Amino acid sequence: MASVYIETFGCQMNEADSRYIAERAVAAGYEIESDPTLASVVVLNTCTVRDNAERRAYGRMAHFKALKVADPSLKLVVCGCLAEQDRDRMQTTAPYVDAVFGTSELIRLGDALAEWRSAFEDPTDEASELRALVQPLGGAADCITDSFSHLRSFVTVQRGCSYYCTFCIVPHVRGRFDHRPIGEILAEARRAVAAGTRELTLVGQTVNAYRDPAGAADFADLLEAVAALEGLERLTFLTSHPKDFTPKLAQTLARLPALNPRLHLPVQSGSNPILRRMNRKYTVEQYEEKITFFREHCPAWVVTTDLIVGFPGESEADFEATLALAQRMRFAQAFMFVYSPRRGTPAALWEQIPAEVGSERLRRLADVVNAGMRRIHDTRVGTTVRALVQGPSRKDPSKLAAKTLENITLVVPNPGIEPSRLIAQPWLEARVDGAHVWGLTGMLLGVAEHFDGPSEPVAPPTLDLIAI
Ligand code: SAM
Ligand code: F3S
């Protein structure tokens with residue numbers, strides 16, 4: 001059977017786009033493949049937000065070139081932000097790529113898949129049986145074939161971003177805000193819930209700037225409408241901008257029990273001069289005031305963030321202000337980056353901080369953030385949590401990995417529960433007995449079909465006394 005392998009780099013938007021590509025592929029009669037060497041079409045969905053993402057994408061293209069040499073019938077497709085940015089360059093540096101689709105050409109990509117489908121022969125029954133045997137459950141982490149992925153769905157609420165932070169390539173490769181009509185969003189969310197999604201994530205670069213193009217609904221209204229959908233278990237959203245974080249939104253978050261208690265609100269820096277040069281449109285004091293108001297209304301929620309160090313002009317004092325902010329804010333998680341100059345953005349033209357200063361600051365910041373995360377995780381020891389299964393742990397497949405509502409990783413030994421049962425009963429009920437910087441460990445007590453339904457107890461893993 002013709003099959004498509006999709007590899008995804010980058011943010012939640014690319015993740016959502018890859019899901020769309022997978023849906024179009026399946027509708028056109030392809031299978032989704034987890035091994036690129038077995039695929040008829042390889043799709044590389046790229047990111048260009050930092051230099052290392054760009055280099056990894058070019059590295060993967062070179063890797064897939066070898067597959068194409070071995071099997072010239074394979075089609076290699078590149079899409080996403082790097083495709084948008086380097087389309088012309090790719091035609092000369094990677095002529096072996098069959099097609100390049102920019103960020104606004106997803107529908108064309110889907111059409112191309114449908115067009116190519118008849119060129120791939122269907123296998124004999126025997127060959128497809130063999131293929132079914134080699135298709136593993138689980139699949140690679142950055143490709144979207146695993147048997148648990150339908151438990152989580154991403155619904156795009158807006159494309160692009162109009163804020164033009166001086167470090168960011170997104171508005172240049174994805175264009176300005178383009179908000180989807182609320183009716184379309186609700187219809188897609190309804191379809192996802194009907195297909196068995198347990199956790200729905202509304203995605204956009206700045207979701208809380210959402211405005212229904214045809215009406216008066218803002219993001220708080222959208223959340224309320226989605227949260228009211230019948231059958232929806234959990235709802236979350238990524239990413240918000242501090243500038244658009246309103247008291248109305250904080251009050252709405254407090255009222256909707258279906259929302260996961262995690263607010264991701266990137267602050268980027270703890271220094272006002274740096275925030276100004278980043279064009280972030282808020283001060284540290286305004287950020288803190290918003291978080292204080294939010295915590296008064298949502299005391300059980302955690303706050304997570306993004307931080308950049310080594311931005312052009314960042315002095316030691318600016319950096320120490322970021323360290324101090326990280327200490328004060330008690331972030332439950334922070335994605336930390338060394339500033340990476342992006343062609344075509346204003347900050348790339350400014351005088352740069354030496355790379356070693358940036359990496360040293362990243363290490364110091366990570367120490368502070370990690371210690372804070374560990375303290376938060378420590379408070380969970382001894383509690384019982386419900387977490388949505390992700391599948392076998394990548395490090396140790398005898399264990400199960402899951403995410404709590406706060407997006408904390410939980411790993412528990414699997415007492416022999418079959419994947420089919422986990423798909424039907426994907427909520428793990430676990431007692432937390434260990435805290436680490438990366439997350440929690442514990443003991444599985446039961447599994448539940450619904451987040452707020454009863455759980456069925458599971459037998460603890462038996463100890464091999466002879467081996468001991
Ligand atoms: N829209 C989101 C916001 O309001 O912050 C984030 C979008 S961006 C894809 C995700 C994160 O990547 C940013 O929050 C920022 O911390 C980081 N980032 C973006 N451009 C960067 C650059 N040039 N160098 C380092 N980190 C960068
Ligand atoms: Fe980028 Fe700033 Fe928009 S980080 S995605 S330009 S809010």
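Two strands pair if DSSP finds at least two bridges between them. Helices (H or I, at least four residues) and strands (E, at least two) are themselves DSSP runs, numbered from the N terminus. The structure discussed here is a predicted model, in which local features need pLDDT of at least 70 and side-chain atom pairs count only at pLDDT 80 or more, while totals for chains, interfaces and linings use all residues. Residues are numbered from 1 along each chain as its sequence is written, chains are lettered from A and ligands numbered from 1 in the order in which they are written, and side-chain values use heavy atoms, with hydrogens and water left out.

S9 has a parallel pairing with strand S6 (residues 152-156) over 5 bridges, and Arg152 stands opposite Glu199 in S9. S9 also pairs in the parallel sense with strand S10 (residues 234-238), again over 5 bridges; here Leu202 stands opposite Phe237 in S10. Between S9 and S10 the chain passes through helix H8 (residues 219-227), and this β-α-β crossover is right-handed. That term applies if, with the strands pointing away from the viewer, the path from the first strand over the helix to the second runs clockwise.

Elsewhere, an open sheet of 5 strands with parallel pairing has the order S2-S1-S3-S4-S5. Strand S2 (31-32) and strand S5 (99-101) stand at its edges with a single partner strand each, so one side of each is left without a neighbour in the sheet. S5 runs parallel to strand S4 (residues 75-80), to which 3 bridges join S5, and Val77 stands opposite Ala99 in S5.

The description ends with ligand 1. Of the 16 residues around ligand 1, those that come nearest are Arg50, Gln205, Gln268, Asp306 and Ser340, a residue being near if one of its heavy atoms lies within 4 Å. A polar side-chain atom of Arg50 lies 2.9 Å from an oxygen atom of ligand 1, and a backbone N or O atom of Gln205 lies 2.5 Å from a nitrogen atom of ligand 1. Strand S12 (302-309) and strand S13 (333-338) each supply at least two residues of the shell around ligand 1.

Terms used
A polar contact is a pair of N or O atoms within 3.5 Å; within protein, one must be able to donate a hydrogen and the other to accept it, and residues adjacent in sequence count only if both atoms are side-chain atoms.
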